[in-house]
Amino acid sequence: MDVSGQETDWRSANFRQKLVSQIEEAMRKAGVAHNKSSKDMENHVFMKAKTRVRHFHVFPIVCFGVLGVDKPGSQMHLVF
């Protein structure tokens with residue numbers, strides 16, 4: 001499996017845009033209004049993460065927290 005392409009590079013514009021799109025979709029499905037845009041949320045995670053592993057660890061935590069998924073009874077799921 002070739003993992004050197006731009007689609008698998010977590011720092012690439014294409015990959016980051018996919019994450020922004022996933023946040024937008026999750027917000028739309030959840031009916032959540034937030035003061036930060038999906039692009040702002042992704043950028044916040046990107047700036048904090050120093051490695052690919054850290055990025056993939058922090059991204060769902062931030063998204064779930066912002067979308068209220070960490071609240072009891074929540075059924076929101078993001079697919080990566």
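Buried means under 20% relative accessible area, exposed means over 50%, and partly exposed lies in between (1.4 Å probe, protein chains only). The model is predicted; local features need pLDDT of at least 70, side-chain atom pairs count only at pLDDT 80 or more, and totals for chains, interfaces and linings use all residues. Residues are numbered from 1 along each chain as its sequence is written, and side-chain values use heavy atoms, with hydrogens and water left out.

Two salt bridges are present (a side-chain nitrogen of Lys or Arg within 4 Å of a carboxyl oxygen of Asp or Glu). In one, Arg16 pairs with Glu42, with the closest N and O atoms 2.9 Å apart. This pair links distant parts of the chain: Arg16 sits in helix H1 and Glu42 in helix H2, 26 residues apart. Arg16 is buried at 18% relative accessible area. Glu42 is buried at 2%. Arg11 and Asp9 also form a salt bridge (3.4 Å, N to O). Here Arg11 is exposed at 53%, whereas Asp9 is partly exposed at 28%.

Helices are DSSP runs (H or I, at least four residues), numbered from the N terminus. The axes of H1 (residues 13-30) and H2 (residues 38-48) come within 8 Å and cross at roughly 130°. Axes are lines fitted to C-alpha atoms over the stretch in contact, and angles run from 0 to 180 degrees between N-to-C directions.

Glu42 touches Arg16, Leu19, Val20, Ile23, His55 and Phe59, not counting residues up to four places away in sequence; contact means heavy atoms within 4.5 Å.

Note on methods: Helix = DSSP H or I, 4+ residues; strand = E, 2+ residues; numbered from the N terminus.
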